[in-house]
Amino acid sequence: MGGEIMNEKGRISTFQMGMMMYLMVGGTSLLIAPSITGKYAGRDMWISPILGSFSGVLVVWITWKLYQFFPKESIVGSGEKILGRTLGKILTFPFLFFLLHNVDIITREYGEFVTGAFLHKTPLVVVMGSITLVCAFAVRGGIEVVARCTQIFLPLVILFSLTMIILAIPDVDPKNMFPLLENGWLPIIKSSVTPNIWFVDFVYLTFL
């Protein structure tokens with residue numbers, strides 16, 4: 001896997017990389033995280049992503065430091081350089097397994113969303129297979145293809161999100177946020193674990 005990454009000849013800008021990470025982390029979290037955080041934190045659920053974001057900042061900082069020391073290595077390669085070949089492979093295996101597992105979850109979330117919202121009579125396996133095939137073509141095209149696709153779709157996602165927010169403004173009542181910390185900090189801390197999971201995904205920056 002590390003060899004394939006090193007053979008990638010495409011080049012993207014920092015801005016393009018930021019857009020890619022925004023869509024990857026934000027796309028699925030918008031569908032899942034609010035319901036889970038709301039279950040624990042209630043009206044204080046808006047605080048949970050703020051606490052959860054600290055892990056994202058830490059991961060980005062660690063990624064940046066790894067890049068400074070090992071500028072041509074992914075997290076797999078840098079792990080081998082730091083811990084040795086055998087121990088590095090052993091300790092990075094869980095990370096690669098998590099990567100595979102995370103991709104599976106995202107694909108399932110996509111399939112459930114599309115079939116539930118639009119293609120009600122389409123088998124789930126067809127929707128999931130279609131997006132997997134599209135992703136395979138994009139990966140084969142290289143990192144530049146993925147980055148350019150992001151440039152096309154991100155403005156549409158932002159426009160769609162802003163439209164929903166604007167349409168919801170008449171129903172917004174700031175009084176629903178009070179009382180703050182009604183049940184203390186513990187429920188908020190528990191609910192912040194869920195956003196943490198998505199913010200940790202910034203570790204994928206090591207492959208870029």
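In which hand does α5 pass α6 in a crossing? The crossing of α5 past α6 is right-handed. Keep that in mind while the rest of the chain is laid out. The model is a predicted one.

Start with the whole chain. The protein chain holds nine helices and zero strands. Its pattern along the sequence is therefore simple to write, given that helices and strands are DSSP runs: α-α-α-α-α-α-α-α-α. The C-alpha trace spans about 55 × 45 × 30 Å along its principal axes. Of the 208 residues, 27% are buried. Now take the contacts with a separation of 6 or more. Residues 24 or more positions apart account for 77% of them.

Next comes helix α3, residues 48-69. It has 22 residues. From first C-alpha to last, α3 reaches 33 Å, close to the 32 Å expected at 1.5 Å a residue. Its buried residues are Ser 48, Gly 52, Ser 55, Gly 56, Val 59 and Thr 63. Gln 68 also sits in α3. Is Gln 68 buried or partly exposed? Its relative accessibility is 42%, so Gln 68 counts as partly exposed. Thr 122 is 54 residues from Gln 68 in sequence, and their C-alpha atoms are 48 Å apart in space.

Helix α4 covers residues 75-83. Its buried residues are Ile 75, Val 76, Gly 77, Ser 78, Gly 79 and Glu 80. What covers them? Helices α3 and α5 are included in the cover over the buried residues of α4. Just after α4, Gly 84 takes a positive phi of about 100 degrees. For context, most residues other than glycine have a negative phi.

Now look at how α4 meets α5. The two helices pack at an angle of about 145 degrees, and their axes are 7 Å apart. On the α4 side, the contact is made by Ile 75, Val 76, Gly 79, Glu 80 and Leu 83. On the α5 side, the residues are Arg 85, Leu 87, Gly 88, Lys 89, Leu 91, Thr 92, Phe 95 and Leu 96. By class, this contact of α4 with α5 divides into seven nonpolar, three polar and three charged residues. The crossing of α4 past α5 is right-handed.

Return to the opening pair. Helix α5 runs over residues 85-117 and helix α6 over residues 124-141. They pack at an angle of about 125 degrees, with axes 9 Å apart. That angle makes α5 oblique to α6. Which residues of α5 meet α6? They are Thr 107, Arg 108, Tyr 110, Gly 111, Glu 112, Val 114 and Thr 115. Across from them in α6 are Leu 124, Val 127, Met 128, Ile 131 and Thr 132. Sorted by class, the contact of α5 with α6 has six nonpolar, four polar and two charged residues.

Where is Pro 179 placed? Pro 179 lies in the loop between α7 (143-168) and α8 (186-191). A cis peptide bond joins Phe 178 to Pro 179, with omega at about 0 degrees. In general, most peptide bonds are trans.

Technical notes
Residues numbered from 1 in each chain as written. Predicted model: local features only at pLDDT ≥ 70, side-chain atom pairs only at ≥ 80, totals over all residues. Heavy atoms only, no water. Axes fitted to C-alpha atoms, helices over the stretch in contact; angles between N-to-C directions. Helix = DSSP H or I, 4+ residues; strand = E, 2+ residues; numbered from the N terminus. Parallel < 35°, antiparallel > 145°, perpendicular 65-115°, else oblique. Left-handed = near helix turned anticlockwise from the far one by under 90°. Contact = heavy atoms within 4.5 Å. Nonpolar A, V, L, I, M, F, W, Y, C, P; charged D, E, K, R; others polar. Expected span 1.5 Å × (residues − 1). Buried < 20%, exposed > 50% of the residue type's maximum accessible area, 1.4 Å probe, protein only.
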